[in-house]
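The following questions and answers examine a protein structure step by step. Please keep the sequence and the structure in view while reading.

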Amino acid sequence: MIIDTHKTVETQKVGASFPPTIAVFPHYRLIPQNTETGKKYCLFFCVSPECYLILDNGIQRYQAIRHLQRLLETACFPIYEII
C-alpha cells in the first residue's frame, strides 16, 4: 500500500543580521521582499558561505512552504526564515 505523507515544514525564525556558522551549512533560507502588492519571498539553498542557489523568487509564503515540502522529501536540511 502506498501512503502519501508530507513532511511538516518547520522554519527557524532569525533576524536579518543572523550570522550563519559553517556548522549550519547547507540549509534553506526564506527571505521576505516587500513589494507594491504585498510581501513576497525568495527561497535560497545555501551550500556554503560563498555559494548559494536561488530556488524561487517573488512567491507567496504558502507557495514557498509547498515547494519546501517537496524538497524535504529527499533533502532534509534546516530552514531559516528571515523576519
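Q: Which residue in S5 does Lys13 stand opposite?
A: The model is a predicted one. Strand S1 covers residues 12–14, and 3 bridges join S1 to strand S5, residues 79–82, with the two running parallel. In S5, the residue that stands opposite Lys13 is Glu81.

Q: Which strands stand at the edges of the sheet, and why is one side of each left without a neighbour?
A: The open sheet is formed by 5 strands with mixed pairing, in the order S1-S5-S2-S3-S4. Each edge strand has a single partner strand, so one side of it has no neighbour in the sheet. The strands at the edges are S1 and S4.

Q: At about what angle to S4 does helix H1 run?
A: Helix H1 comprises residues 61–72. This helix lies across S1, S2, S3, S4 and S5. Relative to S4, H1 runs at about 145 degrees.

Q: Is Lys39 buried, exposed or partly exposed?
A: Lys39 has its place in strand S3. Its relative accessible area is 43%. Buried means under 20% and exposed means over 50%, with partly exposed in between. Lys39 is therefore partly exposed.

Q: Leaving aside neighbours within four places in sequence, with which residues is Lys39 in contact?
A: Lys39 and Gln60 are 21 residues apart along the chain, yet their C-alpha atoms are separated by 7.3 Å. Gln60 is one of the contacts of Lys39. With sequence neighbours within four places left aside, Lys39 is in contact with Pro32, Gln33, Asn34 and Gln60.

Definitions and conventions. Residues numbered from 1 in each chain as written. Predicted model: local features only at pLDDT ≥ 70, side-chain atom pairs only at ≥ 80, totals over all residues. Heavy atoms only, no water. Pairing = 2+ DSSP bridges. Helix = DSSP H or I, 4+ residues; strand = E, 2+ residues; numbered from the N terminus. Contact = heavy atoms within 4.5 Å. Axes fitted to C-alpha atoms, helices over the stretch in contact; angles between N-to-C directions. Buried < 20%, exposed > 50% of the residue type's maximum accessible area, 1.4 Å probe, protein only.
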